[in-house]
Amino acid sequence: MNFHDYLNRQNNEDRRAFVIHFPAKSGKTSFARRICETRQDAYLLDLQRYFLEHPELPPIQQCDPSVLKNLLLSRDRQEGVLVIDNPDFLLNTWSREEKRALLHWMRIQLRSPVDTEKTLVFIIQSDDILATANDMRNSYGEPRVLALNQFDAL
């Protein structure tokens with residue numbers, strides 16, 4: 001599957017968030033950077049770096065899904081695609097219920113243009129909850145949780 005074609009199809013969706021996952025040290029960050037290098041409409045948010053550079057944010061142990069949602073929706077960048085890399089440091093502290101709450105937000109509650117007109121692309125390490133949400137599909141029937149190796153081209 002061609003990533004750009006997949007991403008462009010999201011413009012017709014009312015739920016535009018999706019997950020790309022793969023094991024640690026598998027090239028996910030390089031892929032995220034290449035997305036932003038090849039697309040003028042994409043912005044890379046290295047979540048781990050962002051937390052390190054903003055000490056005013058709550059401690060990681062207090063960052064539940066609502067903190068992440070508020071942070072992502074408050075981004076005032078002009079780009080229409082927000083690539084969220086390195087959220088694993090935060091997700092790894094969450095319970096199964098908190099991870100399911102994030103998926104529920106992405107699956108049901110996060111709507112465009114009601115909540116945001118941006119497409120959110122989460123780049124995560126494979127996880128038994130987040131990476132196996134096979135019931136998340138777009139209106140084309142395509143999965144909204146994809147393994148990195150499902151893309152044959154960027």
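Biologist: What percentage of the 154 residues of the chain count as buried?

Modeller: Start with the term. Buried means under 20% relative accessible area, exposed over 50%, and partly exposed in between, using a 1.4 Å probe and protein chains only. By that cut-off, 48% of the 154 residues are buried. This is a predicted model: local features need pLDDT of at least 70, side-chain atom pairs count only at pLDDT 80 or more, and totals for chains, interfaces and linings use all residues. Residues are numbered from 1 along each chain as its sequence is written, and side-chain values use heavy atoms, with hydrogens and water left out.

Biologist: How many helices and strands does the chain have?

Modeller: Helices (H or I, at least four residues) and strands (E, at least two) are DSSP runs, numbered from the N terminus. Here there are six helices and five strands. Along the sequence they follow the pattern α-β-α-β-α-α-β-α-α-β-β.

Biologist: Why is the chain said to be as compact as a globular protein of its length?

Modeller: Compare two numbers. The radius of gyration is taken over C-alpha atoms, and the globule rule is 2.2 Å times the number of residues to the power 0.38. The chain has a radius of gyration of 14 Å, close to the 15 Å from the rule for 154 residues, so it is as compact as a globular protein of that length. Its C-alpha atoms fill a box of roughly 40 × 35 × 30 Å along the principal axes.

Biologist: Which residues have the most contacts inside the largest nonpolar core?

Modeller: First, the general idea. In soluble globular proteins, nonpolar side chains tend to be buried together. A nonpolar core is a set of buried Ala, Val, Leu, Ile, Met, Phe, Trp, Tyr and Cys residues joined through side-chain atoms within 4.5 Å. Here the largest core has 30 residues, and Leu47, Leu72, Leu120 and Phe122 have the most contacts inside it. Elements giving two or more residues to this core include β2 (42-46), α3 (47-53) and β4 (119-125). Helix α6 gives the largest share, four residues. Apart from this core lies another, of 17 residues, among them Phe3, Tyr6, Ile20 and Val83.

Biologist: Which residues does Leu47 touch?

Modeller: Contact means heavy atoms within 4.5 Å. Leave out residues up to four places away in sequence, and Leu47 touches Leu68, Leu71, Ile84, Asp85, Asn86, Pro87, Phe89 and Leu90. For the whole chain, look at contacts with a separation of 6 or more: residues 24 or more positions apart account for 81% of them.

Biologist: Is Pro65 buried or exposed?

Modeller: Pro65 is buried, at 7% relative accessibility. Look for Pro65 in helix α4. Beyond residues up to four places away in sequence, Pro65 touches Trp94, Glu98 and Ala101.

Biologist: Where is Lys25 found?

Modeller: Lys25 is in the loop between β1 (18-22) and α2 (28-38). Check its backbone: Lys25 has a positive phi of about 60 degrees although it is not a glycine. Lys25 is exposed, with a relative accessible area of 85%. Now find Asn86, in the loop between β3 and α5. Asn86 also has a positive phi of about 60 degrees, and it is not a glycine.

Biologist: Which peptide bond is cis, with omega near 0 degrees?

Modeller: The bond from Ser112 to Pro113 is cis. Pro113 lies in the loop between α6 and β4.
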